[in-house]
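Dear colleague,

Here is the structure I said I would pass on. My notes on what was found in it follow below.

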Amino acid sequence: MDNRVPPRAAGPGPRRRDRHGRGMRGPIAPPQVPLAASRAEVFADLVQDSVERLERRWPQLADIDFLVLDVPRPAGPGQSWSDEPVPLGDAFPAKTGKTARVVVYRRPVEIRSKGRDERAALVHEIVVEQVAELLGLTPETVDPRYGED
């Protein structure tokens with residue numbers, strides 16, 4: 001007597017179960033719930049919140065591009081990393097044909113902060129410092145609450 005079960009032919013319809021006999025896995029949360037946002041998206045939101053706070057006071061910030069990169073790159077091709085501390089952000093002044101840019105580096109900031117509130121405060125400080133550098137002002141002028149805990 002042969003007790004073998006013939007393999008099921010792959011049909012044109014969607015699979016109803018995974019290979020372990022359980023239901024197909026889907027997202028843990030719907031896309032509109034904050035749990036569904038990736039760490040990079042949450043970090044970009046922190047930067048955007050900080051920029052919006054500053055734009056109320058400094059409308060000229062609308063002409064500056066604010067970017068989030070994972071890590072800083074070496075200074076140029078063929079150059080290796082130095083022993084200097086890893087930057088948390090950079091400011092690039094406007095050049096002919098290019099707008100001014102402020103870059104915040106996500107991974108170094110995440111490593112130096114413990115929780116969401118501390119990360120948000122650090123991101124705001126970095127944005128304020130870089131904007132101050134671009135505008136030629138002190139950070140306290142850009143945001144009077146700079147340095148306060």
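This is a predicted model: local features need pLDDT of at least 70, side-chain atom pairs count only at pLDDT 80 or more; totals for chains, interfaces and linings use all residues.

Helix H3 covers residues 116-135. Its buried residues are Leu122, Val123, His124, Ile126, Val127, Val128, Gln130, Val131 and Ala132. An α-helix has 3.6 residues a turn, so residues three or four places apart point the same way. The elements that the buried residues of H3 pack against include helix H1 (39-57), helix H2 (106-112) and helix H4 (139-142), along with strands S1 (65-69), S2 (89-92) and S3 (101-105). Just after H3, glycine 136 has a positive phi of about 75°.

Is glutamine 130 buried or exposed? Its relative accessible area is 9%, under the 20% cut-off, so glutamine 130 counts as buried. Its side chain reaches the backbone nitrogen of alanine 91 at 3.1 Å. Setting aside residues up to four places away in sequence, glutamine 130 touches Gly89, Asp90, Ala91 and Val102.

Next, the sheet. Three strands make up an open sheet, ordered S1-S3-S2, with mixed pairing. S1 and S2 are at the edges and have a single partner strand each, so one side of each has no neighbour in the sheet. From one strand to the next, the twist averages 15°. S1 and S3 run parallel and are joined by five bridges; aspartate 65 stands opposite arginine 101 in S3.

H1 lies across S1 and S3 and runs at about 155° to S1. H3 packs on the sheet, where it touches S1, S2 and S3, and its direction makes about 25° with that of S2.

Finally, arginine 39, which is in helix H1. Arginine 39 has a relative accessibility of 57%, which is over the 50% cut-off, and therefore counts as exposed. Leaving out neighbours within four places in sequence, arginine 39 is in contact with Arg106, Arg107 and Glu110. Arginine 39 and glutamate 110 are 71 residues apart in sequence, while their C-alpha atoms are 9.5 Å apart in space.

Regards

Key. Residues are numbered from 1 along each chain as its sequence is written. Side-chain values use heavy atoms; hydrogens and water are left out. Helices (H or I, at least four residues) and strands (E, at least two) are DSSP runs, numbered from the N terminus. Buried means under 20% relative accessible area, exposed over 50%, partly exposed in between (1.4 Å probe, protein chains only). A polar contact is a pair of N or O atoms within 3.5 Å; within protein, one must be able to donate a hydrogen and the other to accept it, and residues adjacent in sequence count only if both atoms are side-chain atoms. Contact means heavy atoms within 4.5 Å. Two strands pair if DSSP finds at least two bridges between them. Axes are lines fitted to C-alpha atoms, for helices over the stretch in contact, and angles run from 0 to 180 degrees between N-to-C directions.
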